[in-house]
Amino acid sequence: MAAYVVAPYAQLASASTTVPFSGASQWAWASDDTLVLWGMDGMHVTVYDRLSDVAKTFPSAEWPKFGFTYWVGADVLVGCYNKYSWPEICVWRRATHSIEPLLPPAPGEVVPDAQSDGQTLVWIQAPPGKPPWEQGHIWTSPYATSKKGLVPEKRRPAPVVGSWRMSVANEGYYAVGDEAGLNIYRLSDMHHWAFPIPPQDAGVGEPHALSYVDADELWYWTDASVIRQRLDALGPGDPAPEEP
């Protein structure tokens, strides 16, 4: 069990206010106003809204279950499962304090990853199964928090997303890990760069999360270090195919 303290950075040394929730979690994401905790069972998430001082744990019923989460401004993208190994994308909105479906995939497909830089929503649709999922496609839409607001567009073949997910989006770029390495996509034209995960004997360590991406570099951290990978060191990359 753990308790969480909430305070502006300047007041952390003297902070005494705690989040109205305590429990075990295996991962945390935070913005200035939102804290998201992923439960130890891998099926529950707790969202704390600092502005209203409300913490709520989802789900309240047996299904859906909830997995990976990423905050986007005042919203939180949530991987949701209505049945085992069948990921879709939901969204938590501050206006409702609820998690609602956002990206139900096309029939016969799943959505194993989704991200947003606040301007563009980007996601992967792939055939169902057990991870690693078969190769699917990357889709984008102007960012929206409801299905009615989406304008989906298929952009290019996606990397093969495995049992672990790492992704980040920022300033028009999307980075995502696959079973072999890390991939970076420029959202405007889907230009792509990739590089392999360094071998374990290189002393870099196993990647755990992607932290930041922009037009210049990708930051990711491992069990041994924090790595900054320059995009201009990856060569010319490859453009999106004419037919996605």
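In the predicted model, four strands are arranged as an open, antiparallel sheet with the order 15-16-17-18. Its edges are formed by strand 15 (167–170) and strand 18 (191–196), each of which pairs on one side only. From one strand to the next, the twist averages 15 degrees. Strand 15 pairs with strand 16 (residues 173–177) in the antiparallel sense, and four bridges connect the two. Within this pairing, V168 stands opposite A175 of strand 16.

A search of the whole structure returned one disulfide. This bond joins C80 to C90, with an S to S distance of 2.2 Å. The link is right-handed, with 90 degrees about the S-S bond of C80 and C90. Because C80 belongs to strand 8 (residues 75–81) and C90 to strand 9 (residues 87–93), the pair ties together parts that are ten residues apart in sequence. Both C80 and C90 are buried.

When residues up to four places away in sequence are not counted, P244 touches H137, K154, R155, R156 and P157. The C-alpha atoms of P244 and E153 lie 9.7 Å apart in space, although the two residues are separated by 91 residues in sequence.

Conventions:
Residues numbered from 1 in each chain as written. Predicted model: local features only at pLDDT ≥ 70, side-chain atom pairs only at ≥ 80, totals over all residues. Heavy atoms only, no water. Disulfide = S-S within 2.5 Å. Buried < 20%, exposed > 50% of the residue type's maximum accessible area, 1.4 Å probe, protein only. Contact = heavy atoms within 4.5 Å. Pairing = 2+ DSSP bridges. Axes fitted to C-alpha atoms, helices over the stretch in contact; angles between N-to-C directions.
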